[in-house]
Amino acid sequence: MEYDQILELVKEVSKAGLSNFEYQEGDVRLSMSCPDTTENVVVKTMESSLKTDVSEKANDQEQEKGSVVVSPLVGTFYAAPSENEEPFVKVGDMVTKGQTLAIVEAMKLMNEIESDFDGIVTEICVDNAQSVEYGQPLFRIK
């Protein structure tokens with residue numbers, strides 16, 4: 001399995017809201033897990049397909065607080081393309097879906113973190129050059 005395929009798999013597992021995921025192909029085995037958070041009130045069940053149950057209360061809270069962009073992998077968060085440049089975004093900036101918000105470096109590879117939402121950046125949840133975990137909130141967009 002190629003590195004790009006692994007990243008895509010991590011993104012899709014993250015979007016699905018799964019807390020655990022295992023994949024095996026030949027002698028390559030991937031195992032991912034995400035700690036449960038009280039903010040994440042989406043319950044996923046596996047049958048023939050994934051089904052999502054979201055309570056109205058959780059949906060109302062989500063809309064009040066905004067949408068959260070989380071780290072798709074473990075690494076180091078960088079707010080700007082390089083040390084001497086301006087950050088990709090600041091609190092109050094308008095962003096569009098697909099716009100680069102930051103970079104997470106993992107295993108010497110720079111991975112662009114893109115917005116999954118259109119809106120205004122209301123919070124940057126981590127500091128520049130801070131280590132981040134898989135699933136850790138990076139930005140809040142409303």
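**Close-up views of a predicted model**

**View 1. A bridge between strands β8 and β9.** A102 has I113, in β9, as its bridge partner. The model shown here and in the other views is predicted. Strand β8 covers residues 100-106 and is joined to β9 by 6 bridges, the two strands running antiparallel.

**View 2. The open sheet that contains β8 and β9.** Four strands make up this sheet, in the order β9-β8-β6-β11, and their pairing is antiparallel. At the edges lie β9 (109-114) and β11 (131-132), each of which pairs on one side only.

**View 3. The aromatic pair F77 and F139.** The count of aromatic pairs comes to 1. F77 and F139 form this pair, with 5.9 Å centre to centre and 55 degrees between the planes. The pair is classed as tilted because stacked requires planes under 30 degrees apart and edge-to-face requires over 60.

View 4. F77 belongs to strand β6 (residues 75-78), whereas F139 belongs to strand β12 (residues 137-141). The two residues are 62 apart, and their pair links distant parts of the chain. Both F77 and F139 are buried.

**View 5. The chain around these sites.** There are 2 helices and 12 strands in the chain, which follow the pattern α-β-β-β-β-α-β-β-β-β-β-β-β-β along the sequence. Of the 142 residues, 30% are buried. Of the contacts between residues at least 6 apart in sequence, 54% join residues at least 24 apart. The accessible surface of the chain is about 9,500 Å², and carbon and sulfur atoms account for 48% of it.

Conventions
Residues are numbered from 1 along each chain as its sequence is written. This is a predicted model: local features need pLDDT of at least 70, side-chain atom pairs count only at pLDDT 80 or more; totals for chains, interfaces and linings use all residues. Side-chain values use heavy atoms; hydrogens and water are left out. Rings of Phe, Tyr and Trp (its six-membered ring) pair if their centres lie within 6.5 Å; planes under 30 degrees apart count as stacked, over 60 as edge-to-face and the rest as tilted. Buried means under 20% relative accessible area, exposed over 50%, partly exposed in between (1.4 Å probe, protein chains only). Contact means heavy atoms within 4.5 Å. Accessible areas come from the Shrake-Rupley method with a 1.4 Å probe; for residues, only the protein chains shown count as cover. Two strands pair if DSSP finds at least two bridges between them.
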